[in-house]
Amino acid sequence: MPVGTQGTVKAVSQDVLESLGAEIILGNTYHLYLRPGHDPIRRMGGLHRFISWPHAILTDSGGFQVFSLNALRQVSDEGVRFRSHLDGSSHFFTPEHSMDVQIALGADIAMAFDECTEYPADRNRAEESLRLTMAWARRSLGHFRAHCPDVPWSTEMPGRAQSLFAIVQGGMYADLRRQCAGRLVEMDFDGYAIGGLSVGEPREATLEMIAAVLPLLPPAKPRYVMGVGYPDEIEQYARMGVDMMDCVLPTRAARHGLLFTSEGRMNIKNKRYAEDPSPPDPDCACPVCRRYSRAYLRHLVQAGEPLSAALNTIHNLAYYLGIMERVRTQLQAGDPRLASAPAPSWQTS
Ligand SMILES: [Zn+2]
């Protein structure tokens, strides 16, 4: 899922995302809540209409940004108090409030409010954080089920159901992760995410946590690993049975001149590309690789031209989406069980 933090996947327009085959994008609840606000978006007909994206949208719970952007946050059983990174104003997020905001945005997939356990965290800290995440998951689910039919578009767009996914936490402790997964599955969410990864831990630990949790998640429901990863990682996790991933890496790296290609990572700023007439990735059929040279992309970065961010982002997104498309095709061809698995409910909307 390309990440559309503030109602936009940075540097590319919605029609370009469509042309690249993106079926779902992610919006960040924390950012949209602060600016322009969930109430204005609701009055504009929800996030889909506001940003003109008639496809699926997943919103995160706001938890991750509250924890990563707010050094002075105060956490209690009730919720989290934090200061806006924009103007310093004080806000209080509870599981119920996170659900209200995500319902108002009209997300196809909302995420339960969780506490993202930092890395490193000792076992006591991870256990305490896990206790909070599970209590908040229960409150999120109760509030979401009671209030998600409130929005006008539930009747305007029949068949567009809002789903709620839970987030498995537990730090880097496999037994805590398994315990969390088991309890969340009992609560019966629409899908399950593995969160709290890619927070600075070694890659083996990420892999170990995913491998510990995946077998406990119901195969008929979407399984989502949050915030990963490099191209080889997302391919590996998809082959392990992960259905969904999101990451700012392809878009953020693109804005810094880093391209992901079939030949590895390419820093397009490098002087060696100054007169290189070949396409960024000779094996890529994206609109950028079909039309432009490495020399031109390098020149755009050097000159500080806005087109640089756009073209680099288009290629990186095409590359990431292409990986997933290839894996999907191979899995469906090689494993009839995967091909016949029921489609998640949001896909039929
Ligand atoms: Zn390309």
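Two exercises with worked solutions follow.

The structure is a predicted model, in which local features need pLDDT of at least 70, side-chain atom pairs count only at pLDDT 80 or more, and totals for chains, interfaces and linings use all residues. Residues are numbered from 1 along each chain as its sequence is written, and side-chain values use heavy atoms, with hydrogens and water left out.

**Exercise 1.** Determine whether Thr59 is buried or exposed, and state which side chain makes a polar contact with the side chain of Thr59.

*Solution.*
1. Thr59 lies in strand 2 (residues 56–59); strands are DSSP runs of E, at least two residues, numbered from the N terminus.
2. The relative accessible area of Thr59 is 0%, so the residue is buried (under 20%, with a 1.4 Å probe and protein chains only).
3. The partner is the side chain of Gln102, at 2.9 Å. A polar contact within protein is a pair of N or O atoms within 3.5 Å, one able to donate a hydrogen and the other to accept it; residues adjacent in sequence count only if both atoms are side-chain atoms.

**Exercise 2.** Identify the protein donors of the zinc ion and explain why their arrangement is tetrahedral.

*Solution.*
1. Donors are N, O and S atoms within 2.8 Å of the metal (3.2 Å for Na, K and Ca); water is not among the atoms, so sites may look incomplete.
2. Cys284 (SG), Cys286 (SG), Cys289 (SG) and His315 (ND1) lie 2.1 to 2.3 Å from the zinc ion.
3. The 4 donor atoms subtend angles of 100 to 119°, and the arrangement is therefore tetrahedral (four donors, all angles between 85 and 135 degrees).

Conventions:
Helix = DSSP H or I, 4+ residues; strand = E, 2+ residues; numbered from the N terminus. Buried < 20%, exposed > 50% of the residue type's maximum accessible area, 1.4 Å probe, protein only. Tetrahedral: all angles 85-135°; square planar, octahedral: opposite > 155°, others 65-115°.
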